[in-house]
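Keep the picture open beside you and go through the points in order.

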Amino acid sequence: DMMQVANGQLTILNPHTNTPQVFWNGTYVPGVQAISVTNDSDSTRVVLTLPEDPLLAEMKAAGIVIKREAT
């Protein structure tokens, strides 16, 4: 059985498998490792786990603080 979750611009296919597919506005989001969805009476929260960039991980390990800005 194929499970699908769709909410506006976000589409998640097969979240219960080892190969979930996530699309944002129809564009595939590569590298999703895990998906967590919390849905209660007040709100819905979706958390996607993506791999860390190896270079940034090295920099963090060296004590450099990495801040991301929206582009």
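1. Helices (H or I, at least four residues) and strands (E, at least two) are DSSP runs, numbered from the N terminus. This is a predicted model, in which local features need pLDDT of at least 70 and side-chain atom pairs count only at pLDDT 80 or more, while totals for chains, interfaces and linings use all residues. Residues are numbered from 1 along each chain as its sequence is written, and side-chain values use heavy atoms, with hydrogens and water left out.

2. The overall plan. The chain has one helix and six strands, and along the sequence they come in the order β-β-β-β-β-β-α. Of the 71 residues, 13% are buried; buried means under 20% relative accessible area, exposed means over 50%, and partly exposed is in between (1.4 Å probe, protein chains only).

3. Surface and contacts. The accessible surface of the chain is about 5,900 Å², and carbon and sulfur atoms hold 51% of it. Accessible areas come from the Shrake-Rupley method with a 1.4 Å probe, and for residues only the protein chains shown count as cover. A contact means heavy atoms within 4.5 Å. Take the contacts between residues at least 6 apart in sequence: 4% of them join residues at least 24 apart.

4. Two strands pair if DSSP finds at least two bridges between them. Strand β2 (residues 10-13) runs antiparallel to strand β3 (residues 21-24), with four bridges joining them, and L13 sits opposite Q21 of β3. N14, in the loop between β2 and β3, has a positive phi near 55 degrees although this residue is not a glycine. On the other pairing, β3 meets strand β4 (residues 27-29) in the antiparallel sense over three bridges, where F23 has Y28 as its bridge partner.

5. What value does phi of N25 take? It is near 50 degrees, a positive value in a residue other than glycine. The hairpin of β3 and β4 has two residues between the strands, and N25 belongs to that loop. N25 counts as exposed because its relative accessible area is 51%.

6. A closer look at Y28. This residue lies in strand β4 and is partly exposed, since its relative accessible area is 41%. Leaving out residues up to four places away in sequence, Y28 touches Q21, V22 and F23. Y28 and I12 are 16 residues apart along the chain, with 9.9 Å between their C-alpha atoms.

7. The β5 and β6 hairpin. Strand β5 (residues 34-39) pairs with β6 in the antiparallel sense over six bridges. N39 stands opposite T44 of β6, and four residues lie between the two strands of this hairpin.

8. T49 is in strand β6 (residues 44-49) and is partly exposed because its relative accessibility is 35%. Not counting residues up to four places away in sequence, T49 touches G31, V32, Q33 and A34. The C-alpha atoms of T49 and A34 are 5.0 Å apart, though 15 residues separate the two along the chain. L48 is also in strand β6, and at 31% relative accessibility L48 counts as partly exposed. In a regular strand the side chains alternate between the two faces of the sheet.

9. A nonpolar patch. V37, V46, L48 and L50 make a nonpolar surface patch of about 290 Å². Patches are made of residues with over 30% relative accessible area and no salt bridge; like charges are joined within 9 Å, and nonpolar side chains (Val, Leu, Ile, Met, Phe, Trp, Tyr) within 5 Å.

10. The salt bridge. How many salt bridges does the structure hold? There is one, where the term means a side-chain nitrogen of Lys or Arg within 4 Å of a carboxyl oxygen of Asp or Glu. E52 forms it with K60, and the closest N and O atoms are 2.9 Å apart. Side chains of opposite charge can pair when their charged atoms come close. E52 is partly exposed at 34% relative accessibility, and K60 is partly exposed with a relative accessible area of 40%.

11. The ends of the helix. D53 caps the N-terminal end of helix α1 (residues 54-61), with a side-chain oxygen 2.9 Å from the backbone nitrogen of L55. Just after α1, G63 takes a positive phi of about 95 degrees.

Key:
A polar contact is a pair of N or O atoms within 3.5 Å; within protein, one must be able to donate a hydrogen and the other to accept it, and residues adjacent in sequence count only if both atoms are side-chain atoms.
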